[in-house]
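Here are my notes for you, as numbered points. Have a look at the fold first, and then read on.

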Amino acid sequence: MTGDPLPFPRERAEPAPGAVHLPDWLDPQEQRDLVRACRDWARPPAGMRTIRLPTGGVMSVRTVCLGWHWYPYGYARTVVDGDGAPVKPFPPVLGDLALRALEAVYGPDGRSAIAGAEGYAPDIAVVNHYPHGAKMGLHKDKEERIDAPVVSLSLGDSCVFRLGNTETRTRPWTDLELRSGDLLVFGGPSRFAYHGVVRTLPGTADPDLGLVGRLNITVRQSGLVDP
Ligand SMILES: O=C(O)CCC(=O)C(=O)O
Ligand SMILES: [Fe+2]
């Protein structure tokens, strides 16, 4: 027994072409700083909210967006399905972090092979909070108008993240364990792959983080311009 009950490897992995998982990319201080920033972003107006789907369902995560406001299924500059307030600005600190992330996963030379990785100009962050029991069904991030990579940062409780294929919601897929501080980038051939969160693993977060549940930040480039 190693004391680690989970059989997932913790090395750099490329679960699908263009998708790279770098475990432990954020150090503990960076994680604490991001959790604190998420608390600020979550405050109203245009704060964290529950998303109602057109089918009548309600998502189990709570979400706040920065830069552009995502709603099912589009982007707006105001919280059109909530308090109507202007979306908070996209913070430059997340843009810098996402650029560093692309460099870390693809390297200075590999970037030219990935659509939109050179000249990456992210302008959206979607911050999801997963309380215990929350999950996210398989979906594509497809409201963006450009194929630049998505940069995903995980904080707090670990989760089982499912990276599927671009064609169907069914297999083949790869299940990854994302832990606090992990970086996942999906770009190139994986940019429009189905993905979701099967479950979180409550109580796995470092208590020092002061976070109940899991936070995920995805940084994206919209390809949108104001009307
Ligand atoms: O929580 C995650 O790791 C994924 C979140 C996600 O897929 C999304 O916000 O579109
Ligand atoms: Fe997504």
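1. A word on terms before the strands: two strands count as paired if DSSP finds at least two bridges between them. Helices (H or I, at least four residues) and strands (E, at least two) are DSSP runs, numbered from the N terminus. By that count, the protein has 2 helices and 14 strands.

2. Please keep in mind that this is a predicted model, in which local features need pLDDT of at least 70 and side-chain atom pairs count only at pLDDT 80 or more, while totals for chains, interfaces and linings use all residues. Residues are numbered from 1 along each chain as its sequence is written, and chains are lettered from A and ligands numbered from 1 in the order in which they are written.

3. On overall dimensions, the C-alpha atoms fill a box of roughly 55 × 40 × 35 Å along the principal axes. The radius of gyration, taken over C-alpha atoms, is compared with a globule rule of 2.2 Å times the number of residues to the power 0.38. For 227 residues a compact globule would come out near 17 Å, and the protein agrees because its value is 17 Å.

4. Now the 8-stranded sheet. It is open, antiparallel in its pairing, and ordered E1-E2-E12-E9-E14-E7-E4-E3. Strand E1 (13-16) and E3 are the edge strands, each pairing on one side only. Neighbouring strands are turned by 25 degrees against each other on average, direction ignored. Axes here are lines fitted to C-alpha atoms (for helices, over the stretch in contact), and angles run from 0 to 180 degrees between N-to-C directions.

5. Within this sheet, E7 and E14 run antiparallel and are joined by 7 bridges, with Tyr130 opposite Arg214 in E14. E3 and E4 make a hairpin with 5 residues between them, where Gly56 in the turn has a positive phi of about 100 degrees.

6. What lies across strands E2, E7, E9, E12 and E14? Helix H2 (residues 92-110) does, running at about 80 degrees to E12.

7. The other sheet is open too: 4 strands in the order E8-E13-E10-E11, paired antiparallel. Strand E8 (136-139) and strand E11 (174-178) are at the edges with a single partner strand each, so one side of each has no neighbour in the sheet. Strand E10 (residues 158-163) and E11 run antiparallel and share 5 bridges; Arg162 stands opposite Asp175 in E11.

8. Which residues surround ligand 1? They are Val126, Asn128, Met136, Asp141, Ser152, Phe161, His195, Val197, Asn216 and Thr218, where near means a C-beta atom, placed from the backbone, within 6 Å. Strand E7 (124-130), strand E13 (195-201) and strand E14 (214-220) each supply at least two residues of this shell.

9. The UniProt annotation "domain: Fe2OG dioxygenase", from an unreviewed entry, covers residues 121-223; UniProt positions are given in the numbering used here, feature names are shortened, and annotations may be inferred rather than shown by experiment. Over residues 121-223 the chain is 0% helix and 46% strand, with the end C-alpha atoms 9 Å apart.

10. Lastly, some backbone details to check. Pro44 and Pro45 are joined by a cis peptide bond with omega about -5 degrees, and Pro45 sits in the loop between H1 and E3. The peptide bond from Pro72 to Tyr73 is cis, with omega near 5 degrees.

Note on methods. Two residues are in contact if their C-beta atoms, placed from the backbone, lie within 7 Å.
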